[in-house]
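Hi everyone, thanks for making time for this.

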Amino acid sequence: MDKRALRGLRRAVGRHNALTEPADLLLYSYDSSTARGMPGAVVLPASTEEVAAVVKVCAQHGIPFVARGAGTNLSGGSAPIRGGVVIALSRMNRVLDLDLPNQRAVVEAGVVNLDLQNILAPHGLQFCPDPASQKASTIGGNVAENAGGPHCLKYGVTVNHVLGLTVVLPSGDIRRFGSKAEDAPGYDLVGLFVGSEGTFGVTTEMVLRLRPLPESTQIVVAFFDTLEAAGGAVSRIIAAGMVPAALEIMDKATIEAVEASFPSGLPTDVEAVLLIEVEGLEGALDGQAERCASICRELEARSAEIGRTPEERERLWSARRSAFGATARLSPAMLVTDATVPRTRLPEVLRQIQQIERKHGLRIAKIFHAGDGNLHSNILFDRDDPDGLRRAEAAATEIFHVAAGVEGTITGEHGVGAEKPRFMSLIYSREDIEAQRKVQRVFDPAGIANPGKVLPEPEAAAEGTA
Amino acid sequence: MTALASALRDLEAIVGEENFLTATQTVSGYQIDGQRPVAVAMPGSAEEVARLLRTASEQGLSVLLRGSGTHLYLGAPPTPIGMVLSFARMNRLVEYDAEDLTITAEAGTTLGALQKTVGEHGQILPLDPPGPDSATLGGIAATNLSGTMRMRYGSPRDLVIGLRVALADGTVVKTGGKTVKNVAGYELNKLFVSSLGTLGAICALTMRLTAQPEAKQIVLASLPPPTAAEAVRHLLSSRLDIATLEVANSAACRRIARALPVTLGPDRYLMFAGLMGDRESLPRQESEVLHLLGPGAARIQGEDADSAWAFLRNAAFPAAPGSVVARLSVPLSKTLEAADAVSSWDGWWAVARAGSGFLHAGPVDSGDLADVNQRLLHLRQTAQELGGFAVLEAGPTELKREFPIWGENVHDLDLMQKLKETFDPTGVLGCGRFLQGL
């Protein structure tokens with residue numbers, strides 16, 4: 001890295017917060033995906049102003065920068081694939097304003113999602129987005145990715161709960177978009193920035209909408225002998241006019257993984273487990289839960305039980321949340337996809353994924369937010385097998401094609417990142433992508449904010465087309 | 001042939017003679033704030049819209065998009081209008097599968113038609129913007145208007161998951177998609193929703209639906225302002241999952257007072273708590289809300305509840321052409337303070353959307369425009385002091401010329417202007433009605 005640039009970075013954050021030792025750089029060279037890239041420096045700013053000072057140095061020297069929260073990104077969004085500066089926001093972890101009367105929180109980007117939930121819960125409030133990574137992932141990362149989670153079915157995704165942002169633009173300018181009050185006149189810069197995966201600048205602070213916690217929740221757990229039957233139950237529940245807080249399916253491979261690593265008492269001889277969470281007023285949920293259970297029984301669930309105690313609920317949810325980590329233990333390597341399809345297309349998509357599994361001789365562990373058609377196909381492979389990654393990637397590509405073929409999308413919550421730009425053309429035309437590129441250039445004309453992410457290179461736009 | 005005549009001929013060729021109106025008498029029906037368009041085009045497809053926009057952009061002919069015209073009172077008085085582009089013919093249902101809880105329809109589809117379609121499957125689009133159900137989906141998205149259910153279901157910003165947009169360069173682009181969760185690429189839906197037709201023309205929308213509540217009713221109570229504020233605080237922090245929470249001052253309630261089972265004094269607010277849910281949970285919600293609001297509270301159901309809901313929904317709709325309606329947006333807990341400021345004036349009505357931080361207000365009689373102007377400035381200042389802002393949503397043209405309807409110090413105008421230049425390089429879209437001429 002250029003010496004003057006490095007001096008500038010050190011001045012911006014202080015010598016101790018600018019890392020350049022190879023061992024340190026290595027730690028920030030990857031995230032939770034397969035993407036890798038060695039940064040030239042890592043800085044740990046403590047304030048929006050320090051982030052701005054860092055970005056100004058980058059802008060001045062034309063150095064790319066990548067903002068990073070906890071590194072739980074599953075698409076390579078926080079991996080510095082073009083080198084440059086990693087801006088690690090872990091020190092910016094303060095809740096700046098817990099505004100209970102207005103049901104808003106203003107937090108710094110490095111606040112961990114679950115830490116915030118734990119601060120809010122005693123006040124009877126929650127921040128609705130609850131990605132499975134919430135123990136580690138930061139609100140800044142949730143905002144950059146427009147994260148989802150199991151409860152999106154009822155509450156929507158991150159953008160529905162973000163009302164304001166403080167951002168550092170790639171020029172180093174600090175801007176404040178939105179506020180605690182809603183519907184400011186003008187273009188919705190907040191909405192546009194959420195989900196831009198760090199390519200429009202660095203989000204350093206956010207104004208969040210909080211909601212009262214539900215008074216009561218109940219969980220229904222049903223076991224099925226086929227995945228399709230579990231999917232069918234989901235469709236029936238929706239068609240019956242119920243909107244549960246969550247509808248989650250895990251397949252046999254995932255159940256086995258969970259039981260092997262974090263025993264939760266799930267039977268391993270079934271093909272699918274469906275978790276249904278209903279919430280609302282105490283005493284008013286029995287009917288809804290019972291209706292869900294009886295729909296499952298009508299579809300020949302082996303059993304459908306209602307878990308009424310908080311312990312029961314926590315046990316089942318922690319099984320679900322641990323599924324990702326548990327699956328990763330099954331296999332030396334795992335390729336994670338999260339194609340999402342209109343929920344009525346789930347049964348046919350599942351059949352096709354099973355064919356893909358057989359065709360490539362791979363095991364694909366499937367966990368899905370079935371209520372919104374978000375299908376996590378975790379493709380297990382052996383990194384030591386020279387052909388393993390290639391087959392896994394071929395399978396992932398085919399899954400994206402399947403999703404695109406039913407008017408689904410290549411990613412429901414993980415982001416495009418470094419791994420999927422070449423698949424954007426499966427779902428967007430050249431014109432669609434150009435419109436997106438035009439917006440990106442408004443924010444980052446020099447192309448230094450997390451380059452190589454989200455959009456395909458202009459000349460490569462046709463690659464991946466079916 | 002003049003340049004204008006030649007442009008008109010090109011435009012007419014795109015939609016056909018029968019869908020291109022230029023007769024003075026006909027186009028007069030499309031005037032806004034006294035501006036009459038030169039022509040009205042009624043395209044039949046997104047591709048036709050795109051070709052119209054490209055031709056207009058190349059010829060420098062300004063374009064104003066129109067659904068059914070219900071909300072065209074929003075916005076600054078337009079610069080001269082070259083062409084009104086009407087979506088009257090684009091009202092087809094594109095795709096609806098009830099089990100997906102999403103629907104795709106052309107932008108000219110009316111809200112009423114859509115609700116009828118999804119209602120047959122026990123579903124609703126949870127939006128009830130002010131005004132008649134003849135409002136179109138495209139118009140509702142472009143204005144981002146929401147209604148009484150805002151606190152529970154959000155606004156078009158939250159409910160639109162995909163768009164087909166015709167751009168000034170003649171292309172038709174897709175933004176978002178058909179799935180509720182979709183993070184592939186940038187959220188351009190957000191850019192076009194609420195942009196008042198200044199960046200492109202929304203031609204079709206995919207929106208989230210929800211199940212119709214099994215039951216709904218309204219609990220209302222007449223309360224002194226401090227008690228009302230206290231009750232709002234309690235209800236908002238409770239776990240009762242109220243769907244609607246509105247507070248109207250006495251001037252606002254005069255419009256419906258006769259239909260209600262409570263008497264309203266001059267220094268009292270009428271509070272409406274709208275409950276929606278399943279039959280199991282409604283009784284408990286009802287009894288707790290009644291208990292909280294005290295002995296004066298009453299519940300209304302059936303037709304009375306429907307008419308109360310309609311009143312709340314339409315409070316923000318100008319009662320007559322030229323009626324003044326201001327909208328204040330403030331942090332949630334400040335809504336009733338804003339209502340107090342308005343209610344201290346004789347002859348000003350105010351309805352607070354207390355679950356979302358909005359207040360709609362206006363003079364019952366807007367005869368003295370100089371006075372109205374002064375008071376609007378005062379309201380804007382009040383809103384700013386409370387941490388929010390104020391917008392003049394409707395008013396007579398004269399007032400809209402005088403009063404900066406969107407506000408004066410707009411943040412980040414430079415970025416907005418760059419977005420505008422990117423999508424509308426010749427500046428023909430919107431006729432200068434959005435803030436600072438965007």
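Let's begin in chain B, where the side chains of B:Lys190 and B:Glu187 form a salt bridge, with 2.6 Å from N to O. Please keep in mind that this is a predicted model. Are these two residues buried or exposed? Both B:Lys190 and B:Glu187 are buried.

While we are on ionic pairs, there is also a network to look at. Salt bridges with shared partners tie A:Arg104, A:Glu182, A:Asp183, A:Arg209 and B:Arg150 together into one network.

Now for another pair in chain B. B:Glu120 and B:Lys116 meet through their side chains in a salt bridge, at 3.9 Å from N to O. The cut-off for a salt bridge here is 4 Å, so this pair counts.

How many salt bridges does a search of the whole structure find? The answer is 59, over all chains. One I'd like you to click on is in chain A, where the side chains of A:Glu457 and A:Arg82 meet at 3.1 Å, N to O. A:Glu457 has a relative accessible area of 35%, so it counts as partly exposed. A:Arg82, at 46%, is partly exposed as well.

Let's stay with chain A and turn to its domains. The assignment divides the chain into domain 1 (3–88), domain 2 (95–212), domain 3 (216–324), domain 4 (326–405) and domain 5 (425–463). I'll take domain 1 of chain A and domain 2 of chain A, whose C-alpha centres are 22 Å apart. In terms of contacts, 16 residues of domain 1 of chain A touch 17 residues of domain 2 of chain A.

The size of an interface is often quoted as the accessible area lost when the parts come together. For domain 1 and domain 2 of chain A, that is about 1200 Å² buried between them, with 66% of it on carbon and sulfur atoms. Which residues of domain 1 of chain A lose the most area to domain 2 of chain A? They are A:Thr48, A:Phe65 and A:Thr72, together 34% of what that side buries.

What about polar interactions here? Between domain 1 of chain A and domain 2 of chain A, the salt bridge count is zero, and the rule finds three residue pairs in polar contact across the interface. On the domain 1 side, the elements giving two or more residues are helix 3 (48–61) and strand 3 (65–68) of chain A. Helix 3 of chain A supplies the largest share of that side, seven residues. By type, the residues on the domain 1 side split into nine nonpolar, five polar and two charged.

One last stop, back in chain B. B:Ala7 lies in helix 1 (residues 3–15) of chain B and is buried, with a relative accessible area of 3%. B:Ala7 and B:Thr55 are 48 residues apart in sequence, and their C-alpha atoms are 7.4 Å apart in space.

That's my tour, and I'm happy to take questions.

Methods:
Residues are numbered from 1 along each chain as its sequence is written. Chains are lettered from A and ligands numbered from 1 in the order in which they are written. This is a predicted model: local features need pLDDT of at least 70, side-chain atom pairs count only at pLDDT 80 or more; totals for chains, interfaces and linings use all residues. Side-chain values use heavy atoms; hydrogens and water are left out. Domain bounds come from an automatic or database domain assignment. Contact means heavy atoms within 4.5 Å. Buried area is the accessible area (1.4 Å probe) that two parts lose on being put together, summed over both. A polar contact is a pair of N or O atoms within 3.5 Å; within protein, one must be able to donate a hydrogen and the other to accept it, and residues adjacent in sequence count only if both atoms are side-chain atoms. Helices (H or I, at least four residues) and strands (E, at least two) are DSSP runs, numbered from the N terminus. Ala, Val, Leu, Ile, Met, Phe, Trp, Tyr, Cys and Pro count as nonpolar, Asp, Glu, Lys and Arg as charged, and the others, Gly among them, as polar. Buried means under 20% relative accessible area, exposed over 50%, partly exposed in between (1.4 Å probe, protein chains only).
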